[in-house]
Amino acid sequence: MLKTSLLRLSESPTAKRIITRAPLSRGFAARFVAGDTLQEALDAARALNEAGLSVSLDFLGESVADRAEAQAAADMAVHILESIAREGLNANLSIKPTQLGLDIDEDFCRRNVERVLSRARELGNGEGEIFVRMDMESSAYTERTIALVEGLWADGFRNVGTVLQSMLRRTADDVERLIALGSRVRLVKGAYQEPESVAFPDKADTDRMYVEEMKRLLEAGHYPAIATHDDAIIDATRRFVWERGIAKESFEFQMLYGVRRDLQEQLVREGYRMRCYVPFGTQWYPYLMRRLAERPANVLFMAGSVVKEARAGSGSIAKPVALGAGVLAGIAAVLAWRRGRR
């Protein structure tokens, strides 16, 4: 019920007006979204680069049903690539298949993706071409996204990879499939609400499979991305690479913009590669609401990351972003409760 209500709220103009007009809610969003504009995202990327982190830029938007909107998203993706090259940033690009038209027509989507990859190739030179990650959405898109990557590889594109979610029962097989292909994999736990027929219902199983798949990718994968904020899994990764003598340069950790910045900086100091996933765009409201809908505890986790950082430093935990997290959670809960009673 709560998930359904939150998803409906993500599309509600009334809820959007209430939440986006709350200054503390906007402050919370600003913590986890680099800004509305590409320039703001580029500024954030430059600051992260100066701190020793690489970046993956993501223009917010998904589930596009209009061809013109999908083409505009592809235009923006090309513009992002050109900006990365022009400003000499250590950055790559993340795109969502549904933002580029996967729900409209698969051939149309592929043409948009090929245009993006071709421009990324032109802007580099061999190994220097810009890498583009196909983000993974719900399990309804898993096979189509992997098949799209395989098709692109068959046509000679080597600057594209995708994401696998350890919560899905099929992922161990998909890990082997993409290892055989040779493409880069970002491994995440996955936050979508999925039926037990396709996903593990218990967090312990998701975590266990994550560790198994992490080890397999580190041993046989091509520059995998270990994308997690989980201290236990990060420690397991550190221990595994030390025990097996795996070079720190052969993989990277990834975390979300604004989440556990203290830990991101610590891993850089330890000599690991760290990439920060930096979303931007005016669609921050549905982005955050969908994250809540995927797993309502996310807002508590994000607020908790602020508290952890404050405790690690000298700041007060009573910061606008932490207060904003509470405001956003409270408003969302009240609106979801009211909708549920109708």
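Helices α10 and α11 are roughly parallel to each other, a label for angles under 35 degrees, with over 145 being roughly antiparallel, 65 to 115 roughly perpendicular and the rest oblique. This is a predicted model, where local features need pLDDT of at least 70 and side-chain atom pairs pLDDT 80 or more, while totals for chains, interfaces and linings use all residues. Residues are numbered from 1 along each chain as its sequence is written, and side-chain values use heavy atoms, without hydrogens and water.

The angle between α10 (residues 231-244) and α11 (residues 261-269) is about 5°, and their axes are 13 Å apart. On the α10 side, D231, I234 and R238 meet L263, Q266 and L267 of α11; contact means heavy atoms within 4.5 Å.

Now the charges. The structure holds 30 salt bridges, each a side-chain nitrogen of Lys or Arg within 4 Å of a carboxyl oxygen of Asp or Glu.

What does R170 pair with? Its partner is E143, with the closest N and O atoms 2.7 Å apart. R170 sits in the loop between β4 and α8, and E143 in helix α7, so the pair ties together parts 27 residues apart in sequence.

Within helix α9, D207 and K203 lie four residues apart, about one turn. Their side chains form a salt bridge at 2.5 Å, N to O. Is D207 buried or exposed? At 16% relative accessibility D207 counts as buried, whereas K203, at 53%, is exposed; the cut-offs are under 20% for buried and over 50% for exposed, with partly exposed in between (1.4 Å probe, protein chains only).

Note on methods:
Axes are lines fitted to C-alpha atoms, for helices over the stretch in contact, and angles run from 0 to 180 degrees between N-to-C directions. Helices (H or I, at least four residues) and strands (E, at least two) are DSSP runs, numbered from the N terminus.
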